[in-house]
Amino acid sequence: MRTLVIAEHAAGQLTAGTRSAITAAMEIGAETDLLVVGGADASAVAEQAALTQWVHRILLAQGAAFEKTLAENVQPLITALVAEGYTHVLVDANSMGRNVLPRVAASLDVGMLSDVIKVVSADTFQRPIYAGNAIATVQSLDPVKLLTIRASAFGQASSHQERCDVVVIDSGYSATNVRFVSEHLTVSERPELSSARVVVSGGRGMQNKGNFALIEGVADKLGGAVGASRAAVDSGFAPNDLQVGQTGKIVAPDLYIAVGISGAIQHLAGMSGSKVIVAINHDAEAPIAQVADYMLVADLFEALPALEKAL
Amino acid sequence: MKVLVAVKRAIDPNVKVRVKADGSDVDLNGVKMALNPFCEIAVEEAIRLKERGVASEVVVVSVGNSAAQEQLRTALALGADRALLVETNAVLEPLNVAKYLSKVIDSEKPQLILFGKQAIDQENNQTGQMVAQLIGSGQATFASAISYADDQWVVEREVDCGSQIVALSVPAVVTCDLRLNEPRYASLPNIMKAKKKPLEVIAADELGASVKNHARLVGVAPPPVRKVGIKVGSVSELVDKLKNVSGVI
């Protein structure tokens with residue numbers, strides 16, 4: 001058995017989700033190589049990644065075609081690597097992993113398991129289905145197992161080993177059926193939502209975009225990230241990349257504070273793995289109360305400034 | 001231009017599923033089913049493309065058992081022109097579904113293939129991307145805006161830290177995210193009209209796709225239950241609990 005983890009990086013650093021995928025790979029138990037794909041900054045990322053525990057070798061694929069990790073360009077690279085004898089391919093279940101891995105699966109004529117939350121054995125895994133209302137245990141019948149990993153379910157591999165080898169493998173293939181046009185990336189000083197220790201989320205109850213400053217004030221006091229319910233995002237109170245839920249970010253922080261969020265099952269699917277959940281809501285009967293450790297029934301616009309002050 | 005929309009019959013999003021007592025699977029007996037919400041967004045987008053004069057025909061296709069005809073009729077009532085059901089009673093594994101759809105695409109030759117980004121039942125988020133690979137086309141997942149210009153589909157995608165725009169040559173695969181549009185409701189006259197629109201049923205076996213099982217469902221369990229929480233009376237009591245009982249701040 002050999003495992004390949006596909007790394008994702010941002011601002012020259014491995015993402016927290018990649019470190020969780022490495023932990024999942026360690027639990028599978030096979031020798032693990034880490035594939036770093038990217039543009040000009042990829043070699044620096046590879047050097048840093050070479051210090052990550054449980055990683056046997058770094059494979060570095062650097063080239064202009066890889067800069068935006070378009071699925072059409074990255075898939076041929078991974079498919080070719082699997083032919084060299086990998087039995088498992090893992091990637092964080094984020095927008096890149098979800099975009100790329102199904103193409104790899106189809107190219108290899110194998111299935112794929114999405115959002116794995118537990119490694120039962122080398123071929124059997126657990127994953128949530130139906131908005132987390134059921135946990136399926138699934139055995140892969142394929143010779144190569146392709147898995148996206150739900151980062152919040154695994155700890156993060158740390159950087160403390162001696163530097164492993166970095167092997168340069170490919171400079172890139174450029175597909176003709178797709179072209180990158182532009183991107184608009186949200187810049188935030190706050191910790192990344194998916195891996196933050198504290199998340200403060202606002203919902204429809206925040207009433208407008210301006211009131212989200214109250215959420216931000218509490219988040220900043222706690223050194224936490226800001227999240228939002230679908231209702232808040234749909235209403236334009238917060239950008240789409242802050243959505244927590246079945247179809248947004250899945251979070252499992254030490255502390256999750258849900259403010260003015262009723263708690264639709266789709267939202268609960270994204271945060272019910274949090275260690276401690278606080279709900280602040282004017283409605284004592286809101287469904288969020290069913291998962292909250294502490295429920296404060298109060299007017300949000302009084303409670304939030306008071307909370308910010310008390311912290 | 002022809003737009004093909006792949007849709008799935010799934011549990012109604014407002015229903016909370018239960019796990020069977022024997023832990024073999026979830027219990028869908030007597031449960032309300034619906035058009036998967038993301039597929040509904042895909043259907044809506046196809047209809048809007050037709051209304052804008054970009055598309056000339058909207059064909060909806062589903063893979064599943066005969067009950068999925070109900071969801072195809074829903075799509076026809078929303079405004080699709082005709083429907084195809086690839087009928088099978090097998091477990092719907094994404095790669096197998098993708099192979100059936102690829103066969104349909106071979107014969108239908110659409111210029112755009114729309115999917116929901118995922119189904120809310122199995123939450124795989126795979127089928128669209130697999131189809132794109134099988135037919136050798138470019139893809140845009142998690143779409144929040146779709147336009148057509150200079151012989152290309154230009155798609156804005158929601159990604160982890162913001163948004164990205166890609167241009168795809170024809171034919172292209174696009175999977176639809178929540179904020180692409182807000183689906184309309186079918187009017188009663190359109191529901192009546194939909195009953196007369198063409199719905200063709202094709203036996204999956206006749207498509208000549210090489211399918212097999214890639215996974216075995218070992219069992220299904222309910223998620224761990226959180227212990228019942230408490231009500232706190234004030235902000236200061238909350239802060240005290242978080243500091244001194246939970247130790248998280």
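Trainee: Where do I start with the open sheet of 10 strands, and in what order do they lie?

Mentor: Follow the strands from one side to the other: β13(A)-β11(B)-β10(B)-β9(B)-β12(B)-β8(B)-β1(B)-β6(B)-β7(B)-β13(B), with mixed pairing. The edge strands, which each pair on one side only, are β13 (178-185) of chain A and β13 (199-203) of chain B. From one strand to the next, the twist averages 30°. Angles run from 0 to 180 degrees between N-to-C directions, along axes fitted to C-alpha atoms, for helices over the stretch in contact.

Before we go on, this is a predicted model: local features need pLDDT of at least 70 and side-chain atom pairs count only at pLDDT 80 or more, while totals for chains, interfaces and linings use all residues. Residues are numbered from 1 along each chain as its sequence is written, and chains are lettered from A and ligands numbered from 1 in the order in which they are written.

Trainee: How are strands and their pairs defined?

Mentor: Strands (E, at least two residues) and helices (H or I, at least four) are DSSP runs numbered from the N terminus, and two strands pair if DSSP finds at least two bridges between them. In general, strands of a sheet pair through backbone hydrogen bonds, either parallel or antiparallel. Here β13(A) meets β11(B) in the antiparallel sense, over seven bridges. One place to look is A:R179, whose bridge partner in β11(B) is B:A167.

Trainee: How many bridges join β10(B) to β11(B)?

Mentor: Eight, and the two strands run antiparallel. B:V155, for instance, has B:V166 of β11(B) as its bridge partner. A hairpin of two residues makes the link from β10(B) to β11(B).

Trainee: Why is β10(B) largely enclosed by the rest of the structure?

Mentor: Burial is a matter of counting neighbours: a residue is buried if 20 or more other C-beta atoms, placed from the backbone, lie within 10 Å of its own, exposed if 12 or fewer, and partly exposed in between. In β10(B), six of the eight residues are buried, so the strand is largely enclosed. Over chain B, 49% of the 249 residues are buried.

Trainee: Which helix has eight of its nine residues buried?

Mentor: That is α4(B), so it is largely enclosed by the rest of the structure. Among its buried residues are B:T127, B:M130 and B:L134. Their cover includes α3 (71-82) and α4 (95-108) of chain A, together with α3, β8, β9 and β12 of chain B. Just after the helix, B:G136 takes a positive phi of about 70°.

Trainee: Are strand β18 of chain A and β15(B) parallel or antiparallel?

Mentor: Parallel: three bridges join β15(B) to β18 (residues 294-297) of chain A. There, A:L296 stands opposite B:V232.

Trainee: What does the domain assignment give for chain A?

Mentor: Such bounds come from an automatic or database assignment, and here they are domain 1 (2-170) and domain 2 (193-310). Their C-alpha centres lie 30 Å apart. Eight residues of domain 1 and 11 residues of domain 2 take part in the contact between them.

Trainee: And what does chain B contain, in helices and strands?

Mentor: Chain B has six helices and 15 strands. Its C-alpha atoms fill a box of roughly 65 × 45 × 40 Å along the principal axes.

Technical notes. Two residues are in contact if their C-beta atoms, placed from the backbone, lie within 7 Å.
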